Amino acid sequence: MHSMFNGDFGIILVNIFLLAMLFAAAVAIARMRSLFAIVMLSGIYSLVSAAWYVAVDAVDVAFTEAAVGAGMSTVVLLGAMLLTSRTAKPEKPFSRLGPFLVCLATGAALIYATVDLPALGDATSAANTGVGYTYLQVAWFDTAIPNVVTPVLASYRGFDTLGETTVVFTAGLAVALLLGFGERSLAERIRNEGRSGDERRSKKASAASDEDPS
Amino acid sequence: MTAAALIAILVGMALLLLRAFIGPTLYDRILAVNSFGTKTVLALGLLGFVMERPEFLDIAITYALINFVSTIAILKFFRYRSFQVPLVRRGQGGNADG
């Protein structure tokens, strides 16, 4: 099923190449100071990771990554850049030693935790003994979808997924209705009110300066 | 043949990544990201044929749609930055009308 695990050397090379590009993009994002370049690179990072998820047969995760990472998060980050400055403040090297040590310790703990994980394809692991094994047996005959995760999400738990989608859509719709878009948006109204207030104040000031000499 | 095309596209992706790193102007980076999205679509399509699962072509087409979202967002970003004054002017026009 997974040609990657059948000793297909080329696909492994593609995976390594994609992961190397992910690493390079992550290092560049950490090193750069131009926020626009960082937003662009994070879009590239999401695209590469989505391509990598497809290469390892996790198509549903890849869809989510492409839609959220490459699509929405670029929009959100650009919107945040409209409100803030364009470049990050330069930092002194080694000024963030404490967070670095925390990250290092967390990473070491996670790597230590992988020792306890069952081996890939282990028949006695917890995921393969219970209901998961049943899904592996019947999923193909029920749905004819090669990836087992997809029928579990979209078929066996279809109503659950539909409910989640409804909740997220309703929340997004409520936020959009509250904030609005374009000229009727909250930001635009605040801007207009601030400007009309300024004009009124300046009119008052000019009126006062007109009255003063008379 | 398909594998050779895939390798060529991966090399192109690496070059575009380099351009996004060192790109002196913002427009180099925008072009790099846009072309990178296109290259991802092509690479996914070819990867489906290399892995003998041509269904990946559908996913690649959907990626092309998603790629437009960020491009349009970037274009609107630059429109707002350079059109900061027209935004104010439009508001003033509305005030004059009202």
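Modeller: We will take the helix pairs, then the contact between chains. Keep in mind that this is a predicted model.

Biologist: At what angle do the axes of H1(A) and H2(A) cross?

Modeller: Take residues 9-31 of chain A as H1 and residues 35-55 as H2. Their axes cross at roughly 160° and come within 9 Å. Angles over 145 degrees count as roughly antiparallel, so H1(A) and H2(A) are roughly antiparallel to each other. The crossing is left-handed.

Biologist: Which residues make the contact of H1(A) with H2(A)?

Modeller: On H1(A), they include Leu18(A), Leu22(A) and Ile29(A). On H2(A), Ile38(A), Tyr45(A) and Trp52(A) are among them. Sorted by class, this contact has 15 nonpolar residues, three polar and no charged.

Biologist: Now across the chains. How are H1(A) and H1(B) directed relative to each other, roughly parallel or roughly antiparallel?

Modeller: H1(B) covers residues 2-22 of chain B. Its axis lies 11 Å from that of H1(A), at an angle of about 5°. Angles under 35 degrees count as roughly parallel, so this pair is roughly parallel. Phe17(A) and Met21(A) are among the contact residues of H1(A). Leu10(B) and Phe21(B) are among those of H1(B). The classes here are 13 nonpolar, no polar and no charged residues.

Biologist: How much area do chain B and chain A bury between them?

Modeller: Interface size is often given as the accessible area lost when the parts come together. Here that is about 3,600 Å², with 78% of it on carbon and sulfur atoms. In contact are 37 residues of chain B and 43 residues of chain A.

Terms used
Residues are numbered from 1 along each chain as its sequence is written. Chains are lettered from A and ligands numbered from 1 in the order in which they are written. This is a predicted model: local features need pLDDT of at least 70, side-chain atom pairs count only at pLDDT 80 or more; totals for chains, interfaces and linings use all residues. Side-chain values use heavy atoms; hydrogens and water are left out. Axes are lines fitted to C-alpha atoms, for helices over the stretch in contact, and angles run from 0 to 180 degrees between N-to-C directions. Helices (H or I, at least four residues) and strands (E, at least two) are DSSP runs, numbered from the N terminus. Angles under 35 degrees count as roughly parallel, over 145 as roughly antiparallel, 65 to 115 as roughly perpendicular and the rest as oblique. A crossing is left-handed if the near helix is turned anticlockwise from the far one by less than a right angle, and right-handed if clockwise. Contact means heavy atoms within 4.5 Å. Ala, Val, Leu, Ile, Met, Phe, Trp, Tyr, Cys and Pro count as nonpolar, Asp, Glu, Lys and Arg as charged, and the others, Gly among them, as polar. Buried area is the accessible area (1.4 Å probe) that two parts lose on being put together, summed over both.
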